[in-house]
Amino acid sequence: MPAESRGTPFHIGELAARTGRTVHAIRWYETQGLVPGVARDEGGRRLYGEPHVGWLDLMERLRRTGMSIAEMREYTALAVQGKSTLRQRRDMLAAHRERVTGTIAEWKRALTLVESKIVFYDEWMASGHRPPSIPAESGGTATAARPRARRRKAAAAPPTPQ
């Protein structure tokens with residue numbers, strides 16, 4: 001991905017402006033080996049091209065979705081090797097998609113519980129009386145199981161999830 005490969009090359013400040021990332025963040029990605037094909041001008045300043053804009057977006061999204069830096073490095077190294085690694089890159093992304101899909105499902109279950117707790121509090125505040133406990137994912141109730149060791153000092157006991 002040479003900076004000159006498509007269009008007029010530009011410097012890191014313009015790349016930062018185009019991508020919404022800081023110069024510091026872009027340099028971090030580079031030092032991690034996650035930005036291939038960065039050329040330098042006569043003065044030693046980095047030169048970027050249009051492909052770097054999309055590449056940084058991909059790297060940011062992979063990172064935000066939980067791909068490890070090591071996996072991102074591996075993916076980048078494969079991309080630098082070219083067409084011969086298409087299958088490996090595709091398989092890496094497919095495996096990552098499966099992990100992301102699982103995480104999204106876990107977050108949806110967690111969000112459902114959070115939303116039910118909000119309704120619980122709304123009802124309590126509106127009526128002035130504590131409503132019945134809401135069911136937890138495990139099939140029990142979220143607030144019904146209270147530890148017997150309530151006789152300890154209040155400061156030592158963790159708060160109950162109400």
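**Talking through the model**

Tutor: Buried means under 20% relative accessible area, exposed over 50%, and partly exposed in between (1.4 Å probe, protein chains only). Before we go on: this is a predicted model, where local features need pLDDT of at least 70, side-chain atom pairs count only at pLDDT 80 or more, and totals for chains, interfaces and linings use all residues. Residues are numbered from 1 along each chain as its sequence is written, and side-chain values use heavy atoms, with hydrogens and water left out.

Student: Okay, which side chain does Arg61 meet in a salt bridge?

Tutor: The side chain of Asp57, at 3.1 Å from N to O. A salt bridge here is a side-chain nitrogen of Lys or Arg within 4 Å of a carboxyl oxygen of Asp or Glu. Both residues lie in helix 3, 4 residues apart, about one turn of the helix. Asp57 counts as partly exposed, because its relative accessibility is 30%.

Student: Why does spacing like that matter in a helix?

Tutor: An α-helix has 3.6 residues a turn, so residues three or four places apart point the same way.

Student: And what about Arg64 and Glu60?

Tutor: Their side chains meet in a salt bridge too, at 2.7 Å from N to O. Arg64 and Glu60 are 4 residues apart in helix 3, so about one helical turn separates them.

Student: Are those two buried or exposed?

Tutor: Arg64 counts as exposed at 68% relative accessibility, whereas Glu60 is buried at 14%. Arg21, Asp57, Glu60, Arg61 and Arg64 are linked in a network of salt bridges.

Student: How many salt bridges are there in the whole structure?

Tutor: A search finds 10. Another one joins Asp41 and Arg45, with the closest N and O atoms 3.0 Å apart. Asp41 is buried, since its relative accessible area is 13%.

Student: Back to helix 3, where does it run and how far does it reach?

Tutor: Helix 3 covers residues 50-64, and its 15 residues reach 22 Å from first C-alpha to last, close to the 21 Å expected. The expected span is 1.5 Å times one less than the number of residues. Helices (H or I, at least four residues) and strands (E, at least two) are DSSP runs, numbered from the N terminus. Just after helix 3, Gly66 takes a positive phi of about 95°.

Student: Which residues of helix 3 are buried, and what covers them?

Tutor: The buried ones are Pro51, His52, Val53, Trp55, Leu56, Met59, Glu60 and Leu62. Their cover includes helix 1, helix 2, strand 2, helix 4 and helix 5.

Student: New topic: how many residues are in the largest nonpolar core?

Tutor: It has 19, and those with the most contacts inside it include Tyr29, Leu56 and Met59. Helix 3 gives the most to this core, with 5 residues. A nonpolar core is a set of buried Ala, Val, Leu, Ile, Met, Phe, Trp, Tyr and Cys residues joined through side-chain atoms within 4.5 Å.

Student: What does Tyr29 touch?

Tutor: Leaving out residues up to four places away in sequence, Tyr29 touches Leu34, Val35, Leu56, Met59, Glu60, Arg63 and Met72. Contact means heavy atoms within 4.5 Å.

Student: And what does the overall layout look like?

Tutor: The protein chain has 5 helices and 2 strands, in the order α-α-β-β-α-α-α along the sequence. Of its 162 residues, 27% count as buried.
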